[in-house]
Amino acid sequence: MNKEGIRKHVLSIRQELSSEECRVRSRAIQTRLFNREEFRRAKNIHFYISFRKEVATWEMIEKALEMGKEVAVPFIKEDGSEIGISGIHNFKKDLHENRLGIKEPFGSSIRPVSPLSIDLWIIPGVAFDPFGNRIGYGKGYYDRLLVQRGKGLLTGLAFDFQLVESIPVETHDVRMNQIITEYRTLVMNEPDGIK
């Protein structure tokens, strides 16, 4: 199946999730993420801001801020072709809904952060495969942003049904280092691959 076919198939399944299922599964993923050694060690963490029925990150962001982590989130730059990342201090006050219905920093609340400073990247995706390959929404925002990163670990969050057998790879695609679902953590740089 090509990328667009995989995207449509997985999104149709995700759309069927109830709000309660989404909340319960997201909490299980949050527990797995927060128990990871690399999360505990990370000082600077990038989180995507969830919308629709993505793995929910709002509570994760608020808890990370309470733990004293420096949190950065994406925002769409003025020309609309790229995303930047901004530090936030208060989840409710620093964000507003953009034209796509996604919350992001705006105006004077934008505090630019260098991608080189991020220790742990929490990345959204429509689908992932066991090799760390990812399908997003087709705009390429994260692929363009992540080529600017330093050594930060790339972590995809997904419901287990978002894992597919394989994803066609293009030269510009950026692979994840690990993928966390409600049932398992796939680590790409360890021999057995599953923790």
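Is Lys63 buried, partly exposed or exposed? Lys63 has a relative accessible area of 35%, so it is partly exposed. The classes are as follows: buried means under 20% relative accessible area, exposed means over 50%, and partly exposed lies in between, with a 1.4 Å probe and protein chains only.

The model is predicted, so local features need pLDDT of at least 70 and side-chain atom pairs count only at pLDDT 80 or more, while totals for chains, interfaces and linings use all residues. Residues are numbered from 1 along each chain as its sequence is written, and side-chain values use heavy atoms, with hydrogens and water left out.

Let me stay with Lys63 and its partner. Glu59 forms a salt bridge with Lys63, with the closest N and O atoms 3.9 Å apart. By salt bridge I mean a side-chain nitrogen of Lys or Arg within 4 Å of a carboxyl oxygen of Asp or Glu. Both residues lie in helix H4 (residues 58–66), 4 residues apart, which is about one turn of the helix. Glu59 is also partly exposed, with a relative accessible area of 27%.

A residue of another helix joins this picture. Gln30 sits in helix H2 (residues 19–34). Leaving aside its neighbours within four places in sequence, Gln30 is in contact with Glu59, Met60 and Lys63; contact means heavy atoms within 4.5 Å. At 8% relative accessibility, Gln30 counts as buried.

I turn now to the chain as a whole. The protein chain has 5 helices and 11 strands. These elements are DSSP runs numbered from the N terminus, helices being H or I with at least four residues and strands being E with at least two. The radius of gyration of the protein chain is 16 Å, close to the 16 Å that the globule rule gives for 195 residues, so the chain is as compact as a globular protein of that length. That radius is taken over C-alpha atoms, and the globule rule is 2.2 Å times the number of residues to the power 0.38. Along its principal axes, the C-alpha trace spans about 45 × 35 × 35 Å.

Of the 195 residues, 50% count as buried. Among contacts between residues at least 6 apart in sequence, 66% join residues at least 24 apart.

Next, the charges. The structure holds 15 salt bridges. One of them joins the side chains of Asp173 and Lys3, at 2.8 Å from N to O. This pair links distant parts of the chain: Lys3 is in helix H1 (residues 3–15), whereas Asp173 is in the loop between strand S9 (153–157) and strand S10 (178–180), 170 residues apart. Asp173 and Lys3 are both buried. Another salt bridge brings together the side chains of Glu82 and Lys77, at 3.8 Å from N to O. Glu82 is partly exposed at 33% relative accessible area, and Lys77 is partly exposed at 35%. Salt bridges that share partners also join Lys3, Glu170 and Asp173 into one network.

Finally, which residues are exposed at the surface? Lys139, in the loop between strand S8 (134–135) and helix H5 (141–146), counts as exposed at 54% relative accessibility. Lys139 and Glu82 are 57 residues apart in sequence and 9.1 Å apart in space, C-alpha to C-alpha. Arg41, in helix H3 (residues 37–41), counts as exposed at 56%. Its C-alpha atom is 8.7 Å from that of Asp119, 78 residues away in sequence.

Pro112 is exposed as well, with a relative accessible area of 70%, and lies in the loop between strand S5 (103–105) and strand S6 (120–123). Arg52, in the loop between strand S1 (44–46) and H4, counts as exposed at 65% relative accessibility. What is the phi of Arg52? Phi of Arg52 is near 50 degrees, a positive value in a residue other than glycine.
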